[in-house]
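Please look over the fold and then one of its helices. The report below starts with the whole chain and ends with a single element.

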Amino acid sequence: MFKNNGKKSYIADCVVAIAKAVKNCIDQIEFIQRMLREGWRVIWEEKRKHITFINEQGKKVRDTNLSKTFNIDVSKEGLCNEFERNRRLRAGREESGTETEGRDTSSDSREKNAQAGVRNQPGAA
């Protein structure tokens with residue numbers, strides 16, 4: 001965990017959570033669900049330009065702040081590019097028979113998304 005003058009940094013904690021959550025994610029919904037497990041709500045709406053991450057204490061940080069501070073691309077476009085890369089990698093593993101991590105494909109996944117606070121997701125009910 002990153003510290004600034006001995007204090008925990010919620011902004012750095014967010015970057016760590018994103019790095020863990022985005023690993024092997026192939027879409028926005030899966031990413032948002034993983035971020036929730038890491039303790040972060042994600043506001044990602046088509047009508048908004050930026051993504052907002054909110055921790056359990058209600059502290060907010062926007063994707064642009066993280067990108068500037070840590071010189072990483074966590075914009076909508078950057079994350080979607082990473083999802084596409086992960087989709088290609090996962091497809092390659094499935095073809096070779098080495099797929100190890102599955103997705104939640106249960107019939108109630110849309111209900112779970114609604115409960116998780118996923119809003120205005122492509123293909124969501």
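What follows covers the overall make-up and then helix H4.

This is a predicted model: local features need pLDDT of at least 70, side-chain atom pairs count only at pLDDT 80 or more, and totals for chains, interfaces and linings use all residues. Residues are numbered from 1 along each chain as its sequence is written, and side-chain values use heavy atoms, with hydrogens and water left out.

The protein holds five helices and five strands. Helices (H or I, at least four residues) and strands (E, at least two) are DSSP runs, numbered from the N terminus. Their order along the sequence is β-β-α-α-β-β-β-α-α-α. Of 125 residues, 36% are buried. Buried means under 20% relative accessible area, exposed over 50%, partly exposed in between (1.4 Å probe, protein chains only). The accessible surface is about 8000 Å², and carbon and sulfur atoms supply 46% of that surface. Areas come from the Shrake-Rupley method with a 1.4 Å probe.

Helix H4 spans residues 76–96. Its 21 residues reach 30 Å from first C-alpha to last, close to the 30 Å expected at 1.5 Å a residue. That expectation is 1.5 Å times one less than the number of residues.

| Side of H4 | Residues |
|---|---|
| Buried | Lys 76, Gly 78, Leu 79, Phe 83, Asn 86, Arg 90 |
| Exposed | Glu 77, Arg 88, Glu 95, Ser 96 |

The buried residues of H4 fall within an arc of 155° seen down the axis, so they line one face of the helix. The arc is taken over directions from the helix axis to the C-beta atoms. Their cover includes helix H1 (10–22), helix H2 (28–37) and helix H3 (63–70). Just after H4, Gly 97 has a positive phi of about 80°.

Technical notes
Contact means heavy atoms within 4.5 Å.
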